[in-house]
Amino acid sequence: MYKQFYGFKENAFNITADPAFYFESTSHKEAYAHLLYGIRNRKGILCLTGEVGTGKTTLCRILLNKIDTNIKTAFILNPSFSPVQLLQLIAKDLGLRTESSNKLDLTHALNNFLLAETSRGHNVVVIIDEAQNLDTRQLEQVRLLSNLETEKNKLLQIILVGQPELLEKLKKTSLRQLNSRISVRYHVRPLSREEIGEYIQHRIRIAGGPAQLQLTAQALDYIYSASNGTPRLINILAEHALLAGFVQETFLINEETIRVCTREALGEEVFS
Ligand SMILES: Nc1ncnc2c1ncn2[C@@H]1O[C@H](COP(=O)(O)OP(=O)(O)OP(=O)(O)O)[C@@H](O)[C@H]1O
Ligand SMILES: [Mg+2]
């Protein structure tokens, strides 16, 4: 409804990790640079963490879209795999033709593939999202994968992506070997108060919305208090705000509207 009123081509504030809407905040930029550094320098295991909804999956998708063509990638989204299934998923995503369900065969095939890619000067990256859900056995399998190396180089770069619980898991004594091998780490920060306004305008612009559609500074302050700068929460509040703005037939959304939207959307009021 509000789409027509404001002239949007698509929803501006979906909660899917759509890279088309990527906004390069200071922290997202730093995160991307850390990942690229780790990949280019073949650092083996990298770790990207951040609170719920801060943009980790979005960053993975950006990386997959932007990465050089001589870097092969596999993206594991659903971490409910057995050690063999992990190998199968990686092999499939990398385009290896192997139907085997034998761990040794799969490791052998993967190793051959990695050696061939490395000899062509290529690099291979596996991203494992939602890694906070991996159990000790699965994480141990990740460590074994990172053993694939030549005397000089790590053949496979693995990026573990997850919520802060991942860091707690990695501190377990049984996982200290894995933990000590993580040489690049980055924790994504929420958006700052200054970035929230730019983020909202950016998404409105990408979705084809009008430039005169604005939120007052107080409305943005309120969104900041209510969301703590977390993009997913900002999206939820902004979506409600656009609907409310449409009902009021206004192009300027004020604090009172956001206050009501926060109650509706998050079931709470923020006192700041
Ligand atoms: N830098 C960004 N630019 C544009 N949108 C973003 C950005 N970061 C996050 N978002 C938006 O916020 C929402 C949540 O992002 P995403 O799913 O990537 O978070 P996450 O950290 O992977 O969450 P979870 O912890 O639940 O896995 C999505 O709608 C996404 O589009
Ligand atoms: Mg995610």
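Predicted model: local features only at pLDDT ≥ 70, side-chain atom pairs only at ≥ 80, totals over all residues.
The largest pocket holds about 460 Å³ of space. Its lining comprises 28 residues, and those closest to the pocket centre are Gly53, Gly55, Lys56, Thr58 and Arg232. Of the elements, α3 gives the most, with 4 residues. Sorted by class, the residues lining the largest pocket are 10 nonpolar, 12 polar and 6 charged.

The position of the pocket follows from the domains. Domain 1 (2–16 + 192–266) and domain 2 (26–188) both give residues to the lining, so the largest pocket lies between them.

Ligand 1 has 23 residues around it, and the nearest of these are Phe23, Lys56, Thr57, Thr58 and Arg203. Polar contacts with ligand 1 include one from a backbone atom of Thr16, one from the side chain of His28 and one from the side chain of Gln163. The table gives their distances.

| Residue | Protein atom | Ligand 1 atom | Distance |
|---|---|---|---|
| Thr16 | backbone N or O | oxygen | 3.0 Å |
| His28 | polar side-chain atom | nitrogen | 3.4 Å |
| Gln163 | side-chain N or O | oxygen | 2.8 Å |

On its own, ligand 1 has 630 Å² of accessible area, and the protein covers 95% of this.

Definitions and conventions
Residues numbered from 1 in each chain as written. Chains lettered and ligands numbered in written order. Heavy atoms only, no water. 1 Å grid on protein atoms, 1.4 Å probe; cavity = no way out; pocket = protein on both sides within 12 Å on 5 of 7 lines; lining within 4 Å. Points joined across faces, edges and corners; volume = space filled by probe spheres on them. Helix = DSSP H or I, 4+ residues; strand = E, 2+ residues; numbered from the N terminus. Nonpolar A, V, L, I, M, F, W, Y, C, P; charged D, E, K, R; others polar. Domains from an automatic or database assignment. Near = heavy atom within 4 Å. Polar contact = N/O pair within 3.5 Å; in protein donor to acceptor, adjacent residues only side chain to side chain. Areas by Shrake-Rupley, 256 points an atom, 1.4 Å probe, with all protein chains shown as cover.
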